[in-house]
Amino acid sequence: MVASEFEYRHRFWMIVLVYGVAYAFYNLDHLNILYSIVPWNRGVVQKDMLVRLLYAAAALLAAAGALLLTWASAYRRPSALTDHAAFSTAGPFRYTRNPQYISYFLLILALGTFQSRLGFPVMLLGEVLLLLRLIAREELLLDQEYGGRFRAYAQRVPRLLPSLRPRVADDGHPPQWRQALWDQAFQWGFVATLLAFAFTLSDPVGYTFAGATLSFLVLQKLVQPLLIRLRRT
């Protein structure tokens with residue numbers, strides 16, 4: 001269940017790949033997952049109104065994921081080496097060892113509302129398996145790099161289900177909110193995409209917002225190496 005070095009190094013694009021493969025199932029099943037659940041609702045709430053409410057709920061779920069991911073990014077800056085993992089015992093890492101992967105799951109689940117009836121379960125199964133493999137890989141790297149310090153932390157802090165109270169002391173590192181907001185800006189773009197679609201139920205509007213978010217992401221990935229080099233100098 002441990003992800004390969006290639007999967008971990010390119011973990012973001014692997015998550016996108018699984019989503020894209022699942023989305024391709026629209027070629028076999030043309031009905032959206034949310035529209036497939038409205039027939040039983042005839043005469044209770046207007047069909048479009050129910051779908052709008054469901055997409056609005058998905059936007060709130062995505063916002064919760066983006067908020068948690070921004071919080072986690074503020075307290076644990078990624079390693080300069082993409083096949084290594086940074087270690088933090090501050091912020092959300094005091095409650096769960098993997099808040100960033102919980103965030104990814106919430107965002108994926110919210111964006112799954114754009115999938116077809118066949119694509120949604122394929123996406124869900126594929127993403128859950130991938131995230132579990134990535135978690136196993138990351139914790140293996142942390143154990144190899146930090147040894148007893150990480151193992152002591154892992155014994156006290158749950159792997160996924162967050163504790164209701166902090167399980168370890170804060171390591172004292174200040175949060176980097178500005179950098180975290182920049183790094184996770186595209187996640188908030190997906191929240192805006194869901195909200196825009198909830199208000200309009202317009203495919204062109206949805207594609208426009210999603211396209212703008214993905215374009216920003218590509219630009220961000222291209223600019224990121226230059227920013228890292230400037231920060232080092």
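Asn32 is buried, with a relative accessible area of 10%; buried means under 20% relative accessible area, exposed over 50%, and partly exposed in between, with a 1.4 Å probe and protein chains only. This is a predicted model, in which local features need pLDDT of at least 70 and side-chain atom pairs count only at pLDDT 80 or more, while totals for chains, interfaces and linings use all residues. Residues are numbered from 1 along each chain as its sequence is written, and side-chain values use heavy atoms, with hydrogens and water left out.

**Stop 1: Asn32.** Select Asn32 in the loop between helix H2 (11-23) and helix H3 (47-75). Helices (H or I, at least four residues) and strands (E, at least two) are DSSP runs, numbered from the N terminus. Beyond its neighbours within four places in sequence, Asn32 is in contact (heavy atoms within 4.5 Å) with Tyr26, Tyr55, Thr113, Phe114, Gln115, Ser116 and Arg117.

**Stop 2: the whole chain.** Zoom out to see nine helices and zero strands. Of the 233 residues, 42% count as buried. Among contacts between residues at least 6 apart in sequence, 79% join residues at least 24 apart. The chain exposes about 12800 Å², of which carbon and sulfur atoms supply 67%; accessible areas come from the Shrake-Rupley method with a 1.4 Å probe, and for residues only the protein chains shown count as cover.

**Stop 3: the rings.** Rings of Phe, Tyr and Trp (its six-membered ring) pair if their centres lie within 6.5 Å; planes under 30 degrees apart count as stacked, over 60 as edge-to-face and the rest as tilted. The count by this rule is 16 aromatic pairs. Select Tyr23 and Tyr26, an edge-to-face pair at 5.0 Å centre to centre with 65 degrees between the planes. Tyr23 is partly exposed at 30% relative accessibility.

Next, select Trp71 and Tyr95: their ring centres are 6.4 Å apart and their planes are at 45 degrees, so the pair is tilted. Trp71 lies in helix H3 and Tyr95 in the loop between H3 and helix H4 (99-111), so this pair ties together parts that are 24 residues apart in sequence. Trp71 is partly exposed at 32%, and Tyr95 is partly exposed at 24%.

**Stop 4: Asn98.** In the loop between H3 and H4, pick Asn98. Asn98 is buried, with a relative accessible area of 1%. Apart from its neighbours within four places in sequence, Asn98 is in contact with Ile135, Glu138, Glu139, Arg159 and Leu160.

**Stop 5: helix H8.** Select residues 185-200, the 16 residues of helix H8. From first C-alpha to last, H8 reaches 23 Å, close to the expected 22 Å; the expected span is 1.5 Å times one less than the number of residues. Its buried residues include Phe186, Gly189, Phe190 and Leu194. Just after H8, Leu201 takes a positive phi of about 50 degrees.

**Last stop: Arg11.** Select Arg11 with Tyr8: Arg11 lies over the face of Tyr8, 4.1 Å from the ring centre. A charge sits over a ring if NZ of Lys or CZ of Arg is within 6 Å of the ring centre and within 35 degrees of the ring normal.
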